[in-house]
Amino acid sequence: MKTRKNQKGAVTLILVMLMAVLIVFLIAGWQSRLLLSLHRTRALSDILLLTYHAESKIYDILARFLGGYPNAFDFPFTSDEVLPDGTKLTTTGKEEGNLKTLTVTTKRLFGTTNLEITKEETETESEFLHDTHIVMSLDCTASMGEKACPTCSTSRMDEQKKAVLNFLNELETTEGHERIKVGISVFELKSDWLYTSYAADGTPTGVAVRPDSPLSLNDIRSAVNNGFGHSGDTGSKACRKIFTYTSVGSGLAFMHDYLRTTATENLDQVEILITDGVPNQRIPYSPCPENIFCPGTPGLCGSVPGWSCLAGKSGSACTPYARDFLRCTLADSGTNWTGEAGAVNGVSNTGARDPEVDVYTVTVLDTPSSSGELENFNKVTSIFDTYSTEYYPLSEADKLSEKLKLILEKIITKVNRYQIKRVVPTPIR
Amino acid sequence: MAKRELKNIKGFSLIELVVAIALASVVFIIVGSILATFVTQNTKSERQEMFEQAKNDIVMELSNNIRWGKDFVVTEDTLLIDGNKYHVEDGHFMKNSQNLTMDNVSVKKIEVFNVSTDPNLVGVDMTLVLADRNYPLATDVIHLVVSQRRTDVSN
């Protein structure tokens, strides 16, 4: 009797154990499938996050380069950061010659993404050369009639004219030069275009030499030969209708106004300004305080239609205003300049130039004859040096040609190419 | 003597048998239902995983290659990226001659559009209808919209 009871208990135990084993197997199978599904979902979400973070970083780097911050990265470097969602982001930068390479690596538990951006400054190749508009502003003041250098037989105006003609010749020999258009303007008190022909009194009768005018390089060369004489002011046809004395800011403001109206996304715009003088007057120009007419000689008060002088705002009182006007027109809109005593006086303002427009300036300033002149020269050269894209100070005008050649080389070689690519990691074997 | 011995052997009464059979039936019904549910769920989840796997494979392959591709040709049922042809052949999603989907998944329908408004870049809108080869009524849809990235910039 006892034996039979024991047999029943053993059978029940075996059945229960079998059921338990079956249930354990089912649960284990179910759980492993569940885990696999969870991991698969997690892997996909990780990859989406990795791609998003890596792309964000790489386009942020591109924006810094394109936005005009070429020195944002101090090559070579490696930086690590952990983003708020736990993604590890590593950026490495290396530099080999003209080639800068930045690699962005993002890592999470289930994946890694590598993206690479390269920045290369290429030599001139027509296929990479951008459509470019270059506008020159040439000094027309009376001092341009002075000797180019103590031993020279030519005047500064002769050298300026020669430099511009050489610039045009040099441009013509450049592959793809058809994509570069040139405009030429002049300044004294006011500024205007150079025209292809003039009446005897200097009234323009031809076509303005603007980048968008249908003029060939030959037409522009003829216009330069015709418009400029041996001296500035009344000595050159191109200079007779823009009054007298020096407002360098007028030349810059004139170029800004033109380029603003023709700016397009894929057009490079460049300004080149040549002057042999220090600014001593300003014109009304609303982006630049104080927006007044302040001529370098009281004789101009009442001579310029539409503009009148304020009391005490003429003659030597205009020099600080003229320098502030130069600061304002030369600085770009992302840069602050501070007005000097006697004019805008300590007030901080932003510049009037579009930061996308490069400005190259050349000054021909001979040896100062007094400490006052030296101080004035130093102030002016400091302004050019601070706010120009590139500044070339000269003491003799016969070096103008080589400086303009240098500027042309800068313009046509300044083509940066950026390439972004995905880097597939090599499998570890 | 023999009669006496038989009398001494105790058997199961009818009621005991009925109760035992009823209990056993209840246990079997419960266990059977649980097993049936497991099997059904298992089949469903297997199918779902199969579709998920196929979707993952196709989405990862295409989204990466569309993003970073250079040359595109988009027709209504074919996508050509840098010389690699993505198309459907015999119900398989193919990259050139390589099958990207598992054998138990078939692709019933493919539609491809270029939805980019930028003539220089491609934006792919692709719809794929997947089906279970063993049970074609079970389907799933992949809808993928990915744009080509601008990778060459100069200034």
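1. A residue counts as buried if 20 or more other C-beta atoms lie within 10 Å of its own, exposed if 12 or fewer, and partly exposed in between, with C-beta atoms placed from the backbone. By that count, 38% of the 429 residues in chain A are buried.

2. This is a predicted model: local features need pLDDT of at least 70, side-chain atom pairs count only at pLDDT 80 or more, and totals for chains, interfaces and linings use all residues. Residues are numbered from 1 along each chain as its sequence is written, and chains are lettered from A and ligands numbered from 1 in the order in which they are written.

3. Chain A has seven helices and 13 strands. These are DSSP runs numbered from the N terminus: helices are H or I, at least four residues, and strands are E, at least two.

4. Contact here means C-beta atoms, placed from the backbone, within 7 Å. Of the contacts in chain A with a separation of 6 or more, 66% join residues 24 or more positions apart.

5. Helices α5 (residues 318–330) and α6 (residues 371–387) of chain A pack with their axes 9 Å apart, at an angle of about 10°. Axes are lines fitted to C-alpha atoms, for helices over the stretch in contact, and angles run from 0 to 180 degrees between N-to-C directions. So α5(A) is roughly parallel to α6(A) (under 35 degrees). From α5(A), Arg323(A), Leu326(A), Arg327(A) and Leu330(A) meet Lys379(A), Val380(A), Ile383(A) and Tyr387(A) of α6(A).

6. Chain A puts 17 residues in contact with 14 residues of chain B. On the chain A side, α1 (2–66) and β13 (415–422) each supply at least two residues.

Notes
Contact = placed C-beta atoms within 7 Å. Parallel < 35°, antiparallel > 145°, perpendicular 65-115°, else oblique.
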